Amino acid sequence: MIARSSLGRARWVISLGVGMLWLSMPGGDALANSCEQSAAPPVVSVRAEINPASYDFTRGIAQLSADGNSVAPRHLPEFKYTLGTTAMASNPQWETTFSTRTRSDGTLCWKVERLQITVKVHTKVYIATEAVKGSCLWTETMKHEAKHVKIDQTIFPRLADTIRPSIVRKIARTHFAQNQAQAERDADKLMRTAIEGAIESFLRKRNKTQLSIDTAEEYSYISHVCGNAEVAAAVTRAGLR
C-alpha cells in the first residue's frame, strides 16, 4: 500500500512524503493474548539533504514582530521590533516496510521492519518589507541574518544522527490492530508522530543555538551604523509609531 500526504507548519515548513510496504507473516496462537514480543529493532536510516537558503521579503515589521514562533531575543530590553529572522524549513520523505501477523481471532499484530528517511532542509530568511533594498538598514539586516544562515550550515549536518535515536525508540515495539485498515491508519500516525517529534526536538535545539548571537551589542550595532533616524523611519512606515 502506498500513501501520499503533506502537512504545513507556520515558521517551520514541513511536508511529509509517505511510502508504505506491508508484508504478511505467518500467524499463530503464540500472540493470542498480546502483541508484545521480543523482536529485532527496526532498521532505520536517516539522511539530511541540505539546500541553499531561501529569502522572503513579503512580510512587514509588524507581522514579523508579532509572530511568537519566530526566533527573536524577546528577553532583551533592547529588543522592540523584528527587522529580520530565520526559520528552518524541512521536508521529510520516508519509506517504510511493515510486517503483520494474523492472530487466531483474525486480529493483527504489526511492526516496523525498515524505515528510510530523507530530510530536505534549508534556512528560510525573512527580511521586513520596510527595510528598503540597498539601504543601510537592509544591508546590515541581511548581514546579520547571514550569520544565522552560517550557524545552520554547521547545525544541519548533525540532523540525521540527532533525530535517529528518538525515532527508533518510538517505532520499535509491536502493535495491535483489529484489521488491516486500522493497522494502516495507526502506522501512518506513528510515523508522523515519530518523525515530527524528532524534528521538533532538533528545532528547539537549533533555535536555542541561534539565539546565542542575538546579543544586546548585536542589536545596537545596526542603529549605530545606520543611525537611529533610519531605523525610526522604517518603524514609522510599518505604522508602529
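Val 43 has Arg 114 of strand E5 as its bridge partner. The structure is a predicted model, and this pair belongs to the parallel pairing of strand E2 (residues 43-50) with E5, which extends over 8 bridges. Arg 114 in E5 is also the bridge partner of Thr 97.

Strand E5 comprises residues 108-127. Its pairings are set out below.

| Strand paired with E5 | Residues | Sense | Bridges |
|---|---|---|---|
| E2 | 43-50 | parallel | 8 bridges |
| E3 | 54-56 | parallel | 3 bridges |
| E4 | 84-103 | antiparallel | 19 bridges |
| E6 | 175-177 | antiparallel | 3 bridges |

Strands E4 and E5 form a hairpin with 4 residues between them. In the turn of this hairpin, Gly 106 has a positive phi of about 90°.

Is strand E5 mostly covered or mostly uncovered? Strand E5 is mostly covered, as 14 of its 20 residues are buried.

Arg 169, Lys 170, Arg 204 and Lys 205 form a positive surface patch. Helix H3 (159-171) and helix H4 (180-211) are the elements that give two or more residues to this positive patch. Arg 204 lies in helix H4. Why does Arg 204 count as exposed? Arg 204 counts as exposed because its relative accessibility is 55%, and the term applies to values over 50%.

Notes:
Residues numbered from 1 in each chain as written. Predicted model: local features only at pLDDT ≥ 70, side-chain atom pairs only at ≥ 80, totals over all residues. Heavy atoms only, no water. Patch = residues over 30% accessible without salt bridge, like charges linked within 9 Å, V, L, I, M, F, W, Y side chains within 5 Å. Areas by Shrake-Rupley, 256 points an atom, 1.4 Å probe, with all protein chains shown as cover. Salt bridge = Lys/Arg side-chain N within 4 Å of Asp/Glu carboxyl O. Lys, Arg positive; Asp, Glu negative; His and termini not counted. Charge placed at Lys NZ, Arg CZ, Asp CG, Glu CD. Buried < 20%, exposed > 50% of the residue type's maximum accessible area, 1.4 Å probe, protein only. Pairing = 2+ DSSP bridges.
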